[in-house]
Amino acid sequence: MRKTLLESFTHGSLTEPAPAPDGSALAELAAKVDRAAQARLGRSLAIREVDAGSCNGCELEIHALSNAFYDIERFGLHFVASPRHADVLLVTGPVTKNMRHALERTYNATPDPKWVVAVGGCAIDGGIFRGSYACVGGVSETVPVDLHIKGCPPTPTDLLKGLLALLEHVSLKR
């Protein structure tokens with residue numbers, strides 16, 4: 001143990017450094033999301049995040065949207081605790097047999113108009129859990145999905161791009 005500890009001090013960190021954030025690209029994306037949210041909704045967009053049985057990788061990236069760097073609250077996008085206050089259901093993970101009924105109840109409790117976004121590879125088609133005895137499959141096998149955001153897990157920037165695509169999709173339907 002002592003040898004391993006000393007080697008870790010001499011070799012340094014084995015992880016790669018984080019990529020440098022592109023502030024101008026994020027600011028441009030933020031401005032697009034803000035304009036789209038105000039133009040399409042005229043108010044804030046309430047998001048309810050639902051974990052249908054994931055590994056929590058996608059949740060970590062979703063929670064990063066609320067940190068000081070991404071700060072989606074400044075665009076009028078915010079997370080709510082109740083589906084009764086939500087416009088968007090952000091669903092992560094494959095739908096497990098234990099969570100299927102809860103997801104259906106959450107979907108039914110969300111007032112119309114509502115949109116469902118499947119976040120991550122597992123939510124799209126079940127991912128590595130597809131075919132498991134405990135897994136029903138992707139979110140679309142339980143509730144209708146309006147948008148899929150690919151990735152395992154998708155980055156916060158990909159999530160913002162997905163929400164922007166959803167807002168643009170909403171404007172096309174009106």
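Colleague: Let us begin with strand pairing. Which residue of β5 stands opposite V91?

Modeller: Two strands pair if DSSP finds at least two bridges between them. In this case V91 stands opposite A118 in β5, and L90 faces V117 of that strand. Please bear in mind that this is a predicted model, in which local features need pLDDT of at least 70 and side-chain atom pairs count only at pLDDT 80 or more, while totals for chains, interfaces and linings use all residues. Residues are numbered from 1 along each chain as its sequence is written, and side-chain values use heavy atoms, with hydrogens and water left out.

Colleague: How many bridges join β3 to β5, and how many join β1 to β3?

Modeller: Strand β3 (residues 88-92) and strand β5 (residues 115-119) run parallel and are joined by 5 bridges. Between β1 and β3, also parallel, there are 5 bridges, and V50 stands opposite V91 there. Elements are DSSP runs numbered from the N terminus: helices are H or I of at least four residues, strands E of at least two.

Colleague: What is the order of the strands in the open sheet?

Modeller: Its 5 strands follow the order β2-β1-β3-β5-β7, with parallel pairing. β2 (77-79) and β7 (147-149) are the edge strands, each pairing on one side only. From one strand to the next, the twist averages 25 degrees. Such angles run from 0 to 180 degrees between N-to-C directions, with axes fitted to C-alpha atoms, for helices over the stretch in contact.

Colleague: Is β3 mostly buried or exposed?

Modeller: A residue is buried under 20% relative accessible area, exposed over 50% and partly exposed in between, using a 1.4 Å probe and protein chains only. In β3, 5 of its 5 residues are buried. V88, L90 and T92 lie on one side of β3 and L89 and V91 on the other, so both faces are covered. Across the protein chain of 174 residues, 42% are buried.

Colleague: Which strands does helix α3 lie across?

Modeller: Contact means heavy atoms within 4.5 Å. Helix α3 (residues 57-64) lies across β1 (45-51), β2, β3 and β5, and runs at about 140 degrees to β3.

Colleague: How many disulfides does the structure hold?

Modeller: A disulfide is a covalent bond between the sulfur atoms of two cysteines; the cut-off applied is a pair of cysteine sulfurs within 2.5 Å. The structure holds 0 disulfides. C55 is exposed, at 63% relative accessible area, whereas C58 is buried, at 10%.

Colleague: Finally, which charged end sits over the ring of Y107?

Modeller: The criterion is NZ of Lys or CZ of Arg within 6 Å of the ring centre and within 35 degrees of the ring normal. The charged end of K114 sits over the ring of Y107, 4.0 Å from its centre.
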